[in-house]
Amino acid sequence: MSGTHAPPVPAHFHPGEQGAADPIRLLAIRDTPLSVDEVFAAVQDPAAGGMALFVGTVRSHDGGADVDALGYSAHPTAEAEMRRVAEKTVADFPVRALAAVHRVGDLAIGDLAVIVAVSCPHRAEAFEACRKLIDDLKHEVPIWKHQTFSDGAEEWVGA
């Protein structure tokens, strides 16, 4: 009986070296405090050799001025855009698991504003994927920051 055979699988090949079938584990925009533990737990994967996590916090200054208050607002399409950004990261890297959460509402200095995390087979991929995820999220997802400075001035960022 004649037929075609699949090419031999390289000895170093392992399914864990590839991205997971459904790596997007957590995506949310919330008006409640964020949890690093929740995001970290969401990206744990036995095939991941590297996990990278980024936490964005509210700082006390911006552009040389003291910040007194800060609030985030999101467009109704923000979660769908967040999913699109996550899917793009998954398409570009061998992501085993991915999570991203962003806060909206009024935040205090030191509060967690955004947390993203990615796990991949290797650390370099995890670092690169995490950086791509946060950079694209900040540039492409319609979430806007409203800052009030100590001198009374106000500024919208990202609008």
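Q: By class, how many nonpolar, polar and charged residues does the lining of the largest pocket have?
A: The structure is a predicted model. Its largest pocket is lined by 20 residues. By class, this lining has 10 nonpolar, 7 polar and 3 charged residues.

Q: Which residues of the lining lie nearest the centre of the largest pocket?
A: The largest pocket has a volume of about 430 Å³. Elements that give two or more residues to its lining are β2 (50-57), β4 (65-74), β7 (112-120), α3 (123-140) and β8 (143-149). Nearest the centre lie Arg59, Tyr72, Val114, Lys138 and Lys145.

Q: Is strand β5 (residues 97-103) largely enclosed or open, and why?
A: In a regular strand, side chains alternate between the two faces of the sheet. In β5, Ala97, Ala99, Val101 and Arg103 point one way, while Leu98, Ala100 and His102 point the other way, and all are buried. Because 7 of the 7 residues of β5 are buried, the rest of the structure leaves this strand largely enclosed.

Q: Which residue of β5 stands opposite Ala28?
A: Strand β1 (residues 24-30) pairs with β5 in the parallel sense, over 6 bridges. Within β5, the residue opposite Ala28 is Val101.

Q: What is the bridge partner of Ala100 in β7?
A: The pairing of β5 with β7 is in the antiparallel sense and spans 6 bridges. Ala100 is one of the buried residues of β5. Its bridge partner in β7 is Val116.

Technical notes. Residues numbered from 1 in each chain as written. Predicted model: local features only at pLDDT ≥ 70, side-chain atom pairs only at ≥ 80, totals over all residues. Heavy atoms only, no water. 1 Å grid on protein atoms, 1.4 Å probe; cavity = no way out; pocket = protein on both sides within 12 Å on 5 of 7 lines; lining within 4 Å. Points joined across faces, edges and corners; volume = space filled by probe spheres on them. Helix = DSSP H or I, 4+ residues; strand = E, 2+ residues; numbered from the N terminus. Nonpolar A, V, L, I, M, F, W, Y, C, P; charged D, E, K, R; others polar. Buried < 20%, exposed > 50% of the residue type's maximum accessible area, 1.4 Å probe, protein only. Pairing = 2+ DSSP bridges.
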